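This report describes selected residues, chain-level totals and helix packing. The structure under discussion is shown below.

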There are 2 protein chains.
Amino acid sequence: MAVTLADVARAADVSTSTVSRAMTQPERVDEQTRTRILAEVRRLGYRPNRAARSLITGRTGYLGVIVPDLTNPFFPELVAGIQGRAHERSLTTLLADTRDDPDAERDLLTTLAPQVDGLVLCGSRLPDADLVAAADPVPAADLVPAADLVPAADLVPAPDLGAVAAGRVPLVVVNRTVPGVPSVAVDNAGGAARAIEHLRSLGHTRIAYVGPAEGYSHRQRLTGAQEAAVTLGVQLIEVEGASSTFDGGQRAADGVLFGGVSAVLAYNDAMAIGLMHRLHGYGVRIPEDLSIVGFDDIAIAQMAYPPLTTVRFPRQEAGQQAVDQLLRNAEGATLGTELVVRRSTALYRPEEGSR
Amino acid sequence: MAVTLADVARAADVSTSTVSRAMTQPERVDEQTRTRILAEVRRLGYRPNRAARSLITGRTGYLGVIVPDLTNPFFPELVAGIQGRAHERSLTTLLADTRDDPDAERDLLTTLAPQVDGLVLCGSRLPDADLVAAADPVPAADLVPAADLVPAADLVPAPDLGAVAAGRVPLVVVNRTVPGVPSVAVDNAGGAARAIEHLRSLGHTRIAYVGPAEGYSHRQRLTGAQEAAVTLGVQLIEVEGASSTFDGGQRAADGVLFGGVSAVLAYNDAMAIGLMHRLHGYGVRIPEDLSIVGFDDIAIAQMAYPPLTTVRFPRQEAGQQAVDQLLRNAEGATLGTELVVRRSTALYRPEEGSR
DNA sequence: TTGAAAGCGCTAACAG
DNA sequence: CTGTTAGCGCTTTCAA
């Protein structure tokens, strides 16, 4: 069997309570005693039993993360940000994938909630009401300071993410706003606006926005693009591509050509690349004949041919923010986006107007 | 507080043991009693407390998964396979990312081991000895049958993955062979051989293999390519690209051109695409001037321009196999690979020999 | 500053 | 088939 508190207590010739205190509240134990205990802990290779600890503290040390589809390259980087920060805070991440199924998401939400101290929801497909119902409305509590005295992460108790009402859990949603639920917001509208401005600067005055039929960030990006278009005197043509994927982008190609535009802003990089792909097949040269801008800056963007100009979505930072918010370490500021110019947009062409 | 076993027992007017049995060993409870109990379970929304259950059974219901880098598109699909199967088996997956750091991997191995019932190691960077030391050498136990009687996954206890000696855990490694440790093998050599055969069929007789400096599957793929080359009378030129990434592939471009070959087999798709990218820049036309074959068939392969011919690595299946093996549901067969022909290889050209 | 005792929620003998 | 009893390993009063 594994080494238990009792084993350490026996070896250090103290009671189990003292060992327990030495681990979790070092300042409440005489320094000499503590040193002796920690020496034994190390010698015996003692690791606290999480289950036993949870049973009594009510905390698990786990942070749940729910994503719609891990194979969508947008999410792994977000997860990396979450995982990194969680690890720093002695939390172990529990990752679940809903396969884009809202029912599965609802299921996971209720399954995971009791097993974790906090939950990060990425790209949730659930209606606001479900999220509000799941979120703990009474978050509180301080962050437990990183205990430098004890080496292994597991020896440190997990930070207190707040009291949890039955079936509810501290929750944070990423890239979405739900009244009453903490969230990490990202400036989608601003990013889209900057993309339109960029295209306008290059001389484009008739631009297509290729997006999916619906979706939270789609609406934000579209709105941002529309407002910029109005301000700059650009004609914005909406083209719908069914799904926000490579495939969806491919299917939008005909609509784009029909629209008679000289440039395109796509809802995301996947659509942009699908579009480029199909247009290649049509003999359209990019960026000579048509400029394309994507959104997100997933890894593929720079590997595309030609490399894709895009708006960087700060995924890693968003993940970190999410954890910080759960730990009440950060206010819910809006993260900025940034235009990354690559070769999929043409050089400056003086007012040629629409074609 | 949450609903406990005692609450259900009180409501159904039975003892807690009976409720416990109704959940975990339905056949040992009178059908009427059981029905009544399950009705109360549902009515009250009872969910077993995992920590309490773990404490006594010694099982956690968690399956650990360790990957080197989740942002590498190779892994998410593998994880999806694992997660899917694990979920079917009432196991919750605990995913950890080592960031390609062997020390972090060793750390995670020891941190995770006591919290999980089994561990899947993907693309491990650790020496055999570490893996053997961590693996439980005395695996056993039957699979708990999927209990159809109880709806929610969490109500079913996790399957027994075998007795665990101190600090050891049932372990399976994916795409690697370690003596004494269960593993999921994939036919890397065969895939590489088939790629060479394909290129030979198209008329290529001088072919480059572009790989990283080292690595388990690299060696297997290289060996497979070499053997096929000898058999078919093909000259195989090895070109080293430093790392097995897009970048590594780019850096190998000069070497490939210098080698005077008419075709290339890359260690993986990322390198293949990096190589294509750089060659595009050099004005080399693909596949007219040079045919390229990748390996793995990550999603980007078909989005590349031109779409990349590649060898499909059955990631999803490998993930499922891994879980099946942990559950002693499957023998360690070798999974096959498969050539996927796309436009990055040229049409048949009669023996033009090397250039 | 330390120890004794209680108990978190559950399962597993063991009787009945 | 069901209830009683004990205790998993830990933290936390409460006293000393």
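In this predicted model, A:Thr98 touches A:Ile66, A:Val67 and A:Pro68, together with A:Ala104, A:Glu105 and A:Leu108, when residues up to four places away in sequence are not counted. A:Thr98 itself is placed in the loop between strand E2 (92-97) and helix H6 (102-112) of chain A. Its relative accessibility is 3%, so A:Thr98 counts as buried, the cut-off being under 20%. A polar atom of the A:Thr98 side chain lies 3.4 Å from the backbone oxygen of A:Pro68.

A further threonine of chain A, A:Thr60, lies in the loop between helix H4 (50-57) and strand E1 (62-67). With 16% relative accessibility, A:Thr60 counts as buried. The side chain of A:Thr60 reaches the backbone nitrogen of A:Tyr62 at 3.1 Å. Beyond its neighbours within four places in sequence, A:Thr60 is in contact with A:Arg50 and A:Ser54, and also with A:Pro114, A:Gln115, A:Val116 and A:Asp117.

In chain B, strand E1 (residues 62-67) holds B:Val65. The relative accessible area of B:Val65 is 1%, and the residue is therefore buried. Leaving out residues up to four places away in sequence, B:Val65 touches B:Val79, B:Ile82, B:Thr93, B:Leu94, B:Leu95, B:Ala96, B:Leu119, B:Val120 and B:Cys122. One of these partners is B:Leu119; B:Val65 and B:Leu119 are 54 residues apart in sequence, with their C-alpha atoms 5.8 Å apart in space.

The accessibility values of these residues are collected here.

| Residue | Relative accessibility |
|---|---|
| A:Thr60 | 16% |
| A:Thr98 | 3% |
| B:Val65 | 1% |

Totals for chain A give the wider setting. Chain A has 14 helices and 12 strands, and buried residues make up 55% of its 355 residues. Of the contacts in chain A with a separation of 6 or more, 74% are between residues 24 or more positions apart.

Helix H1 (residues 5-12) of chain B packs against helix H3 (residues 31-44) of chain B at an angle of about 125°, and their axes are 9 Å apart. H1(B) is therefore oblique to H3(B), and the crossing of the two is right-handed. H1(B) contributes B:Asp7, B:Val8, B:Ala11 and B:Ala12 to the contact, while H3(B) contributes B:Arg36, B:Ile37, B:Glu40, B:Val41, B:Arg43 and B:Leu44. By class, six residues of this contact between H1(B) and H3(B) are nonpolar and four are charged, with no polar residues.

In the other pair, the axes of helix H8 (residues 188-201) of chain B and helix H9 (residues 216-232) of chain B come within 7 Å and cross at roughly 40°. This angle makes H8(B) oblique to H9(B). H8(B) passes H9(B) in a right-handed crossing. On the H8(B) side, the contact is made by B:Asn188, B:Ala189, B:Ala192, B:Ala193, B:Ile196, B:Glu197 and B:Arg200. On the H9(B) side, the contact is made by B:Ser217, B:Gln220, B:Arg221, B:Gly224, B:Ala225, B:Ala228, B:Ala229 and B:Leu232. The residues of the contact of H8(B) with H9(B) comprise eight nonpolar, four polar and three charged.

Definitions and conventions
Residues are numbered from 1 along each chain as its sequence is written. Chains are lettered from A and ligands numbered from 1 in the order in which they are written. This is a predicted model: local features need pLDDT of at least 70, side-chain atom pairs count only at pLDDT 80 or more; totals for chains, interfaces and linings use all residues. Side-chain values use heavy atoms; hydrogens and water are left out. Axes are lines fitted to C-alpha atoms, for helices over the stretch in contact, and angles run from 0 to 180 degrees between N-to-C directions. Helices (H or I, at least four residues) and strands (E, at least two) are DSSP runs, numbered from the N terminus. Angles under 35 degrees count as roughly parallel, over 145 as roughly antiparallel, 65 to 115 as roughly perpendicular and the rest as oblique. A crossing is left-handed if the near helix is turned anticlockwise from the far one by less than a right angle, and right-handed if clockwise. Contact means heavy atoms within 4.5 Å. Ala, Val, Leu, Ile, Met, Phe, Trp, Tyr, Cys and Pro count as nonpolar, Asp, Glu, Lys and Arg as charged, and the others, Gly among them, as polar. Buried means under 20% relative accessible area, exposed over 50%, partly exposed in between (1.4 Å probe, protein chains only). A polar contact is a pair of N or O atoms within 3.5 Å; within protein, one must be able to donate a hydrogen and the other to accept it, and residues adjacent in sequence count only if both atoms are side-chain atoms.
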